[in-house]
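Open the model in your viewer and keep the selection tool at hand. The stops below go from one residue to the next.

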Amino acid sequence: MELDKKDLERGKKFIVGKWQVDYLVNFFSSDLAHIPASEFKSSEGRDFSVISFEFYADNTLKVDLADDRSEVGSWQQTDMFEFEWHFDSLSDAVDSQFLKGIQKLTVYDGDLTFAISFLTLALKKVVV
């Protein structure tokens, strides 16, 4: 599908702002329950609620990660309800199939979602 100017304007209006991880879905669970990000902890004890994405109108973005690091990159709209983000620092460091999966953002029920292996993370917009 080719996006026209109005599609791109709507997409930009939707995505620009700050988004925070709200919940996760583990595809190994029997009921696919939504797990609040603050309850899903890494082996180091960090939770996912501290991860945030800030999308800017100039198609750049900043991601604040759980280990107090930030990454900057770019984003683009690829379809009516799909976006992609890119970081140069990840291009060489991560397996290309894995990278392809995490870079694709899909709009689902008003949230942005992406997959990390068997987890889907849902981002909720917190600042416009």
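Select F114, which is buried at a relative accessible area of 7%; buried means under 20% relative accessible area, with a 1.4 Å probe and protein chains only. This is a predicted model, in which local features need pLDDT of at least 70, side-chain atom pairs count only at pLDDT 80 or more, and totals for chains, interfaces and linings use all residues. Residues are numbered from 1 along each chain as its sequence is written, and side-chain values use heavy atoms, leaving out hydrogens and water.

Rings of Phe, Tyr and Trp (its six-membered ring) pair if their centres lie within 6.5 Å; planes under 30 degrees apart are stacked, over 60 edge-to-face, and the rest tilted. There are nine aromatic pairs by this rule. F53 and F114 make an edge-to-face pair, with 5.7 Å centre to centre and 65° between the planes. F53 sits in strand β3 and F114 in strand β8, 61 residues apart; strands are DSSP runs (E, at least two residues), numbered from the N terminus.

Next, show the ring cluster: ring pairs link F14, W19, F53, F55, W75, F83, W85, F87 and F114.

Now show what surrounds F53. Beyond four places in sequence, F53 touches residues including W19, L61, V63, W85 and L123, where contact means heavy atoms within 4.5 Å.

Finally, select S52, in strand β3. Is S52 buried or exposed? S52 counts as buried, at 6% relative accessibility. Leaving aside neighbours within four places in sequence, S52 contacts K18, W19, Q20, K62, V63 and D64.

Key: Helices (H or I, at least four residues) and strands (E, at least two) are DSSP runs, numbered from the N terminus. Buried means under 20% relative accessible area, exposed over 50%, partly exposed in between (1.4 Å probe, protein chains only).
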